[in-house]
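Dear colleague,

Please find below the structure that I am handing over to you.

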Amino acid sequence: MRHAGRKLALAVLTVCLVACTPAPWTDGEKAVLESLWLESLPSLPPDPTNAVADNPVAAEFGRRLFFDTRFSANAAVSCATCHQPERRFTDGLPKGVGIGASKRNSPSIVGTAYSPWLYWDGRRDSQWSQALSPLEDPNEHAANRLMVIAIVVDDSEYWRMYEALFGEASEVDTMFSNIGKAIAAFERTVMPTTSRFDNYVAAVIDGNAERQAELFSEDEVRGLRLFIGEANCTQCHNGPLFTNNEFHNTGLINFPGEVPDKGRVAGVREVLEQPFNCKGRHNDDPSVPCTELDFVLTGETLIGAFRTPSLRNIDGTEPYGHKGQLPDLGAVLEHYNEAPDAMIGHNEAKPLGLSRRELAQLEAFLRTLAAPVSVLE
């Protein structure tokens with residue numbers, strides 16, 4: 001009886017070991033993992049529309065401007081009010097709050113130098129043109145370009161840096177755009193760094209099973225398999241920054257009493273019309289082709305569509321959604337699991353049909369994408 005009991009225990013243990021040992025990653029799966037790996041991120045492309053984009057003096061000037069509250073009507077709001085480094089350049093609020101309340105959630109600026117479009121609706125086509133907009137928005141800084149320029153001119157250190165970069169004073173819009181270009185030079189330094197996920201992918205590529213087991217729990221591995229497999233998350237969240245930089249209607253519901261947000265269909269009109277876009281006279285290299293604007297998608301299919309956010313550093317940057325409608329990661333996954341009808345336009349997402357445990361595993365994986373943010377100090 002004792003011998004039979006031992007045999008049964010060994011059989012159960014063998015079954016458990018087989019069942020509990022993660023299946024090896026196939027070559028196809030490894031290729032997908034490598035495509036998401038931060039090491040696969042290409043070098044930062046130049047921004048020919050901004051002559052000082054990669055100038056260290058401009059980055060330092062822009063850093064100071066970014067954190068300076070004087071560029072607001074009440075001298076209490078800076079870019080960092082809504083984009084706080086300690087919150088991975090978000091603010092923890094459903095909607096940004098400056099002089100007044102913004103209409104949308106404050107997205108992170110980490111890695112946005114790689115994106116052809118800025119804002120949830122893509123209404124700006126460069127970091128420098130985006131940097132100008134909050135300064136004159138009555139709900140954000142509520143300043144104006146003359147006030148902004150005056151502060152720079154009157155501050156001896158700012159003026160020294162401005163002159164070194166752009167020369168003497170010129171007409172108002174040119175000086176205003178130059179200030180945006182300095183802020184963008186700083187923002188180009190705000191980048192993601194290696195996460196636990198990236199270390200895990202390195203171990204997969206090296207074939208180091210022991211290191212893989214140290215880095216990821218069983219649930220995290222299963223969550224990753226769901227992410228690149230059954231849940232099909234990589235349809236939109238692909239590449240090393242986990243975004244395709246496109247616009248999608250995913251049926252997010254507004255807060256009660258709010259008018260449905262038209263999203264990209266309005267944003268694309270604005271980016272084509274606004275004077276600081278690639279085709280405008282403040283582009284520092286008029287010879288550069290403005291391909292994104294030339295071939296931008298327009299039309300009714302964009303109603304209710306919003307830019308796919310990066311999932312890097314998603315942990316701790318709640319609430320989520322273009323209006324902060326989803327309080328935590330669990331709510332995000334529940335939304336995509338159900339894929340409700342859109343309030344406006346058509347929801348492109350399909351119900352995932354995942355179990356509670358699978359949703360928890362997917363959430364566990366998403367938390368492995370957290371990492372410190374690299375930024376100019």
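In this predicted model, the count of cavities of 30 Å³ or more comes to two. The largest cavity has a volume of about 100 Å³. Its lining is made up of 13 residues, and Leu252, Gly304, Phe306, His322 and Ile344 are the ones that lie nearest its centre. By class, six of the lining residues of the largest cavity are nonpolar, six are polar and one is charged.

The second largest cavity has a volume of about 40 Å³. Leu65, Asp68, Phe71, Cys79, Leu135, His141, Ile179 and Ile183 line this second cavity. Six of these residues are nonpolar, with one polar and one charged residue besides.

As for Ile179, its contacts, leaving aside neighbours within four places in sequence, are Leu65, Val148, Ile149, Val152 and Tyr162.

The buried residues of α5 are Gln127, Trp128, Ser129, Gln130, Ala131, Leu132, Ser133, Pro134 and Leu135. Among the elements that cover them are α6 and α8. Leu135 also belongs to the lining of the second largest cavity.

The helix α5 contributes to an open space as well. The second largest pocket holds about 850 Å³ of space. It is lined by 42 residues, of which Ser102, Arg104, Tyr119, Arg123 and Glu140 are the closest to its centre. The elements that give two or more residues to this lining are α4, α5 and α12, and α5 gives the most, with four residues. By class, the lining of this pocket has 14 nonpolar, 14 polar and 14 charged residues.

I turn next to the cysteines. How many disulfides does a search of the whole structure find? The search finds one, and this disulfide joins Cys278 to Cys290 with an S to S distance of 2.1 Å. The link of Cys278 and Cys290 is left-handed, with -80 degrees about the S-S bond. Cys278 and Cys290 both sit in the loop between α12 (264-273) and α13 (291-294), twelve residues apart. Both cysteines of the pair are buried.

Cys79 counts as buried because its relative accessible area is 13%, under the cut-off of 20%. Cys82 also counts as buried, at 11% relative accessibility.

Finally, a note on one glycine. Gly111 is found in the loop between α4 and α5. Is this residue buried or exposed? At 5% relative accessibility, Gly111 counts as buried. Leaving aside neighbours within four places in sequence, the residues in contact with Gly111 are Val190, Met191, Pro192 and Leu241. The C-alpha atoms of Gly111 and Ala76 are separated by 26 Å, and the two residues are 35 places apart along the chain.

With kind regards

Definitions and conventions:
Residues numbered from 1 in each chain as written. Predicted model: local features only at pLDDT ≥ 70, side-chain atom pairs only at ≥ 80, totals over all residues. Heavy atoms only, no water. 1 Å grid on protein atoms, 1.4 Å probe; cavity = no way out; pocket = protein on both sides within 12 Å on 5 of 7 lines; lining within 4 Å. Points joined across faces, edges and corners; volume = space filled by probe spheres on them. Nonpolar A, V, L, I, M, F, W, Y, C, P; charged D, E, K, R; others polar. Contact = heavy atoms within 4.5 Å. Buried < 20%, exposed > 50% of the residue type's maximum accessible area, 1.4 Å probe, protein only. Disulfide = S-S within 2.5 Å.
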